[in-house]
Structures are given as structure tokens and as C-alpha cells.
Amino acid sequence: MSAAAVSALGVTALWLLVSLPALAGIALCVTGRRANLAAVPVSLGTAGLTVAMAFVVASVRPSVEVPFVAGARFGLAVDGLSAGIVPTVAVITLMVLVFAAAEGTESPARFHGLMLIFAAAVAVTATATTIPALLFAWEIMGAMSYALIGFRWREDHRVGAGLTAFITTRFGDLGLYLAAGAALAGGAGLGLADLAAAPSPWRHIIAAGILMAAFGKAAQLPFSFWLSRAMEGPSPVSALLHSAAMVAMGGYLLLRLAPLLEVTGWAATTTAWVGALTALLLGAVAVAQQDLKQLLAASTAAQLGFVVLAAGVGSAAGGTTHLIAHASTKALLFLAAGAWLAALGTKQLPALRGAARRWPLVGVTFAVGALSLAGIAPLALWATKDQLLAGALETSTALYVVGLAAAALAAAYAGKALIIVWSHPLANARDEYDTEQRGTRHIGAWERVPLTVLAAGAALLGVLALPPVGDWVRGVLGAESDPRPGGFELVGSAILALLVLGLVAWKRTPRPSWAANWLGLERATRVVFVDPVLLVSQRLAHFDDAVLDRGIHTAARTALRGARRLGWFDDHGLDAAVTAAARGSIVTGSAAAWADTDGVDAAVEAIAGTARRFGMIARRPQTGQLHQYYAQITVVLAAAVILLLVLLLPVMR
């Protein structure tokens, strides 16, 4: 096949990669209940074709740019970094959809449609080369996460959880718009590869916006708490969203823009420390959890902390391989937790004692995932974690120590979950079942197939960080100079994980009370942001009612009284005068009557009408709907930011 034919094939595959799941998902959502019977075949067929397209683009590495909006292009491309991520996302999506199809979901057309649109948005995010393409996908990804977390919309607490996740990540997403504005103002253009060349101070503003958006999506401190609320979504949603999709894309964006972080200096250091502290503190949160999905959620933020740390220290190979290995490991663990939740009706760890013994295949695959998460050699996350920690060691000894402590906590929380599910069940275990939903007491064969495939990934993907495969991966990523872990580091971390695992098995794992409630981050957010906003809203509403509305009503009443008095004066004064004048002069009387009708009366009526219109306009925004107030505040803030940029632009030049 000629080079031109290969290039055309790659471009076609790239467009199919992003458009096929999007179109299929939209069709399923629009068709609704009428497509319920066809939803699973369409979904699995589309996901299978997407996997094929992902491997084609990973080998051909196509790129494409098309006009999008004035002054900006929509660019997609596959390079060494996205060549590893895109197939990972596609395979994980297929496995999750197979599990969801076997488990069965309500409204299958809507569920599979939303999942496919979500996967398409992730594919665009992973291949975007311009800020418009990234923003387009980033927004859709956030909207789909809201719809999927609150999928069971009849239950208010699930919809509220989706809203919390959406608002929190949306707040972080404002950073992308800030970065886009700064890129335009600084003349750097909207290409992601060009951002590092932006002049000062614009590149610092761009970096700050990127960090804000990435930390929000990756659930890094201080945004981590939304991940806890996201556990209200169906288990397949958790498996995709928290393994290879939205949360992973926050870390991926930082790996993609690592050159920008490096040239600013402070951004790289901030990124590394935020990642390290998130890995450490959210590891403590995971240890404190008694709910299996909450434990896995906290561990997701902690493990993404390692990826963020890698981006901060410039370890592209370590961050990328850890992201890929973590995707397979975490999808496996979430699906196993979902299988037990569906079968036993609970995800509380005390009630899951003996669950692995009851379904041995599920228990074995869960054990592979948990041991990989713990960093046990030679499983996947052992070598990938050490590779990125080698970069931390070269940058800062303190960073390395914090990262190593976070790795020890990973062994603690993974070991805690593993030991509980393999323990002998309590005599009254059945009393703890069906507390969250009615269990089926059954895990089907097709639900176990994805677990087996993902367990193989959790066991074997560590080769991506070890010679000779690791050397090839470094070449693909252009990261040949990245630090490599020595034998001492590899053996030392493996021994540390075994020691912590043995300690957890020998002695009950402590539950740090200060970490059980996710460090109080949600409460702090409510106190610092939500309550003040609500208070200001209430005060503004009171000011509106007591001052603006009263003033408008007073003005209207004054105008009406004035109109009545003018009318009385008209009847008793002007009319009499006109009559008297008419007796003396018909011409003078006619002129006075005209002045009365078309002058005074018209003016009075115009004043009253204007007052009424202003009153109606002032009432329109006062709907009592919180989200409309948020929208008004957002518009005002956006206008203020634009005005500020307009005022500062001549000064900065």
C-alpha cells in the first residue's frame, strides 16, 4: 500500500474513531425506548469497531485540521502519547459496555447512548491539537458525566451527586477559557503545541488556567471530593469514568502540556507537589473507607496523583505507562465491586466478607487488581509507579519520600479490601445484604469475561516500564532521557509493598477519623464558596424586593397619582380655561385643547407606561431558580473578565 493510501486510511480511521460512537450514541438517545432492543447490539458493535479504528490510528499516526470558528481550527492528531492512550480508552470502553450489557440496565438505549457519546468525547480530548477541539470535547465530556452519574434521575440524591460533580468540575473548566483568552491575547495562537512559546506574562496565565482545569477533572486537591459523590452513578459508569475516561483525561492533559509547565518553572513544581500530596492524603482517605466504591474512588484520585506528579517532574514515560496500567486495574476493580453490589445488594466492606469465596473467579480477578494497585511485583502498577518515582527522586528527595509514603498507603488500602473480601463471612452476613438495592445472588458468565480480560492487563501491563518493551515505549514517546528506576528502587518498593500488606493482614488496618469524610473538602467548599454565594444571593434578593421593587412600585404609584392630579387639574382648570378662552377666541381654544390632549396626557401616560415596563423587566430575572442565578452571576463575571482583559491589554503591550 502506498504512503498516500496509508495516510488516507489513517485520516478516515481517525474521523471514524471520533464520529462513529458519537453518531451511534446520539441515535440511541434520540430514538429512546424504541431502540431498547437494539441498544446492546448497536453499542457493542460500535465499541468493537472503535477498538479497531483505535489500533489503526495508533499505528498510522494521522493528523487532520478543518475550519471550526473564525480564527481557530479544529485539529486532531495521533502522536506517541495519544497512540498509547486512545487504544486503552477504546478497549476499556468495550469491556465496560460488555459488562453493562450482561448485567442489564434500565433504559438501555439511553444508557448505552450516553456512554458512547462520552467515549467519543474522550477520544476527541485525547487527540485534540487545538484549544477549540479540546474545549469542544471537554464540555461534552463534562455534560455526559453529569447525565451518567445522575442516570437514575428519579432518585434525588443521585441527581444531586451528578450536579455536585458537574458544578465542581465546571468551576475548574473555567481555567480552560482563561487559558484560551490568554493564548489569544499573547499572540501564541490556539495550538496546544504552541502554548509553551507564549510570551510572559501570558504563558503564566495559560499555565494557571490549564492547572485549574486539569486538577478539577483529575480530582486533585482541592477538587477531590466530587469523586466521592460520583459513586452514586451505576457501577459501569464508575468503571469507565474513573479508569480511562474523564478523570484520566485531567492527568493526560498535564502530560500533554508538560513543556508549558516546564518553561513557567512554578507550574511544574506546583503540579508535582499537588500530585504528590493528593496521592498521600487521598491514600489516607481510601484507608479510612468502609464502602468499597468509596475506597476505590479515593484510590483513583491518589493514583492519578502519581500521574500528575509525573507530569510535574517531566517523566512522560512514567506518567503514560502508569495511566495505561491504572486504567485496566481500576476498571477491573470497579466492575468487580459492581458485580458484588448487584449480586448482594451492598458495597459495604463488612458485608462483603467472603464474597470472593462465593464467586472464586471474580475473587481471583479482584485479587489481581488489588495486588497490582498495592504495587506487588511483578504486576502492572509496581514497575510503572517506580518509573515515575525515579523522576521524582531526580527532581527532589522530598517529593520522592512523599511519593514512597503514598505508595505504602496504596498497599494498605488495596490490602484492606483484598483481605476483607477473602475472609470467612460472618454468621449473620445475610442480614447485611440488600441494604442498598435488591441483590440477585447471581453473577453471570458474560459479566466475568471483561473481568478476566482486564485482570490480564492488570497483571501484564507492567512490561511497558521494563526493558526491552519499556525502551521501545520511551522511543515512541520521545522520552529516552527520562530517569529510569534502578534495581535498588524496584526491589525496595516491592519489599515495602509486601511489608505493608503483611502488616495489614496481621493487624487490623487503622481508620484515621480525620480522613473518613474525605478531609472535609465538601464541607469546606460549602463554607468557603457555596454559603457565601447563597448569602449574597439572599441579600441581593432582599435588596431587590425591599429597594428596587419597592422603588419601582413607588415610582409607578407616584406617576399614577400625578396623572390623576393632572387629570383633575385638566378637568377643573384647563378645561375651564379653554372654555373661557373659546368664548373669546375659537382659535386659541382649539390650540389649548390640542396641547392638553397630545402634550400633557401623552406625557403622563408615557411616564406611567415606562415605569410599568421597568417593573416587568426587573421581575423577570427573579425566578427563584438557583441555576438561573448562577447563570446570571457567570455572565456578569465573564463580562468583568473581558473588560479587565481589554483594559489591561494596552498596559501589558
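Predicted model: local features only at pLDDT ≥ 70, side-chain atom pairs only at ≥ 80, totals over all residues.
Helices here are DSSP runs of H or I with at least four residues, numbered from the N terminus. Just past the end of H2, Arg61 takes up a positive phi of about 60°.

One side of the story for H2 is what it hides. Its buried residues are Ala39, Ser43, Thr46, Ala47, Thr50, Val51, Met53, Ala54, Val57 and Ala58. Residues three or four places apart in an α-helix point the same way, because there are 3.6 residues a turn. The cover over the buried residues of H2 includes helices H1 (3–31), H3 (80–103) and H4 (108–127).

H14 brings Ser328, Thr329, Ala331, Leu332, Leu335 and Ala336 to the contact, while H19 supplies Pro450, Leu451, Leu454, Ala455, Gly457 and Ala458. Of these contact residues, nine are nonpolar, three are polar and none is charged.

Then there is Ser299, part of helix H13 (residues 292–313). Its relative accessible area is 0%, so Ser299 counts as buried. A polar atom of the Ser299 side chain lies 2.7 Å from the backbone oxygen of Leu296. Setting aside neighbours within four places in sequence, Ser299 touches Ala286, Lys330, Leu373 and Tyr413.

Note on methods
Residues numbered from 1 in each chain as written. Heavy atoms only, no water. Contact = heavy atoms within 4.5 Å. Helix = DSSP H or I, 4+ residues; strand = E, 2+ residues; numbered from the N terminus. Nonpolar A, V, L, I, M, F, W, Y, C, P; charged D, E, K, R; others polar. Buried < 20%, exposed > 50% of the residue type's maximum accessible area, 1.4 Å probe, protein only. Polar contact = N/O pair within 3.5 Å; in protein donor to acceptor, adjacent residues only side chain to side chain.
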